[in-house]
Amino acid sequence: MDNQSKTVVLTGGGTVGHVMLNKLLIPEFINKGYTPVYIGSKNGLEKEMISELNIAYKQISSGKLRRYLSLENVLDIFRVGKGVIDSFLHLRKIKPRFVFSKGGFVSVPVVIAARLLNIPVYIHESDLTPGLANKIAAKFATEIYVTFRITTQFLPENKTHFLGPVIRQDLRVDKSESGYQLTGFNHEKPVMLVMGGSQGARVINELIRSNIDILTKTHQIIHLCGKGNLDPSIDHNDYRQYEFVTSELAALLSIADIVVGRSGANAIFEYLLSKKPMILIPLPASQSRGDQIENARYFEQQRVATVINEDELNIDTLQQAIQYIDHHRVEMVGKMQQYKGGFTPLELVNRLTVARR
Ligand SMILES: CC(=O)N[C@H]1[C@@H](OP(=O)(O)OP(=O)(O)OC[C@H]2O[C@@H](n3ccc(=O)[nH]c3=O)[C@H](O)[C@@H]2O)O[C@H](CO)[C@@H](O)[C@@H]1O
């Protein structure tokens with residue numbers, strides 16, 4: 001390890017939730033005079049997301065976590081082993097001050113290799129309970145940062161620190177004017193923002209689109225439907241669809257009166273900080289480890305969200321949830337005041353680079 005090195009390595013991938021924080025931290029590292037290098041997979045979504053930032057990207061072999069029996073799982077053991085060797089060779093050359101890992105399966109070999117080289121490893125967990133990748137990585141980590149206070153129970157006590165959510169700076173400012181300009185919407189009907197997680201959600205997309213006439217009687221709809229999911233056949237005055245927005249998100253969220261979406265941890269905290277009452281439709285346990293169900297139930301108990309299970313999702317349950325929010329809006333928004341937004345990306349970078357190492 002090199003205490004004086006001005007190079008830092010970031011890793012994490014597989015879904016936007018495992019890359020977005022890194023994307024927010026990288027410009028802050030650069031502003032502070034550090035050189036960030038990313039280690040990711042050969043064809044994961046992190047490669048495309050990080051390429052926009054023009055920093056060095058080192059590829060490693062990586063496996064994938066499958067929830068079913070497959071010969072691929074056996075091959076993946078070898079891929080992960082190769083990933084450790086790839087990471088070891090990269091890290092030995094880069095000599096970073098530390099590795100920051102946001103989780104996802106690609107991060108495991110990087111974290112193991114860093115530990116073998118005695119490079120400090122900091123990991124971050126956004127969800128209520130740690131994912132498998134972070135459970136493994138936790139054993140090798142120097143320090144672990146978590147978004148939820150109760151997550152500290154599931155991780156080694158001596159090195160786990162509660163941090164709260166790290167939210168992008170632009171979502172802290174009201175951008176309603178740009179939101180109305182962008183969409184052409186007005187103040188006559190409330191605005192519903194539909195966001196099916198970072199990749200869109202087919203069931204949610206179908207429900208909204210097949211009930212567009214009913215829903216637009218009462219709402220103007222902004223639909224973030226995920227890459228490749230635009231439906232050009234829909235042309236409706238009160239409906240706008242986008243595959244995936246970046247800087248426009250702040251403006252669109254600003255004009256939303258209600259949000260309908262999946263329950264990835266980052267997205268929920270963004271809604272909370274923007275004080276948007278939310279209807280959460282968690283990714284079911286059949287397609288995940290159930291982390292979104294835990295996130296959603298937690299915020300339902302805090303009375304800032306209402307939840308619909310995907311197997312009960314239909315236009316009737318959606319409308320009941322909308323009515324629930326109409327009746328409890330003031331109480332929900334009041335309870336959201338306690339969420340102050342945790343750290344800014346710059347504050348986290350400051351914490352990671354302080355002189356304690
Ligand atoms: C399928 C899967 O494994 N999902 C996981 C993934 O979700 P996912 O990748 O969907 O991550 P989150 O919901 O936590 O965050 C989505 C992020 O994408 C952003 N966004 C979304 C749409 C858009 O058009 N523009 C945009 O910028 C949101 O603002 C948010 O910051 O990571 C989360 C955090 O670990 C987990 O809780 C989820 O279970």
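Predicted model: local features only at pLDDT ≥ 70, side-chain atom pairs only at ≥ 80, totals over all residues.

Visitor: How far is an oxygen atom of the ligand from an N or O atom in the side chain of Gln292?
Guide: That distance is 3.1 Å.

Visitor: What does the protein chain average for pLDDT?
Guide: The average is 93, and 97% of the residues score at least 70. pLDDT is the predictor's confidence in each residue, from 0 to 100. The model also scores ipTM 0.95 and pTM 0.90.

Visitor: Back to the ligand. How many residues surround it?
Guide: There are 23, and the closest are Gly17, Asp127, Val245, Glu270 and Asp291. A residue is near a molecule if one of its heavy atoms lies within 4 Å of it.

Visitor: What do Gly17 and Glu270 do there?
Guide: A polar backbone atom of Gly17 is 2.7 Å from an oxygen atom of the ligand. For Glu270, an N or O atom in the side chain is 2.5 Å from a ligand oxygen.

Visitor: Which elements give two or more residues to the shell around the ligand?
Guide: Helix 10 (265–273) and helix 11 (291–301) do. Helix 10 gives the most, with four residues. Helices (H or I, at least four residues) and strands (E, at least two) are DSSP runs, numbered from the N terminus.

Visitor: How do the shell residues divide up?
Guide: They're ten nonpolar, nine polar and four charged. Here Ala, Val, Leu, Ile, Met, Phe, Trp, Tyr, Cys and Pro count as nonpolar, Asp, Glu, Lys and Arg as charged, and the others, Gly among them, as polar.

Visitor: Which domains does the shell draw on?
Guide: At least three residues come from each of domain 1 (4–166 + 343–355) and domain 2 (170–336). The domain bounds come from an automatic or database domain assignment.

Visitor: New topic! Is Ser61 buried or exposed?
Guide: Ser61 is buried, with a relative accessible area of 10%. Buried means under 20%, exposed over 50%, and partly exposed in between (1.4 Å probe, protein chains only). Ser61 sits in the loop between strand 3 (56–60) and helix 3 (71–94), and a polar atom of its side chain lies 3.0 Å from the backbone oxygen of Arg79.

Visitor: And Ser288, where's that?
Guide: Look in the loop between strand 12 (278–280) and helix 11. Ser288 counts as buried because its relative accessibility is 8%. Its side chain reaches the backbone oxygen of Pro284 at 3.0 Å.

Visitor: What about the phi of Arg303?
Guide: Arg303 has a positive phi of about 65 degrees although it is not a glycine. You'll find Arg303 in the loop between helix 11 and strand 13 (305–307). With 40% relative accessibility, Arg303 counts as partly exposed.

Visitor: Last one: where does Leu272 lie?
Guide: Leu272 is in helix 10, and at 0% relative accessibility it counts as buried. Leu272 and Phe244 are 28 residues apart in sequence and 20 Å apart in space, C-alpha to C-alpha.

Note on methods. Residues numbered from 1 in each chain as written. Heavy atoms only, no water. Polar contact = N/O pair within 3.5 Å; in protein donor to acceptor, adjacent residues only side chain to side chain.
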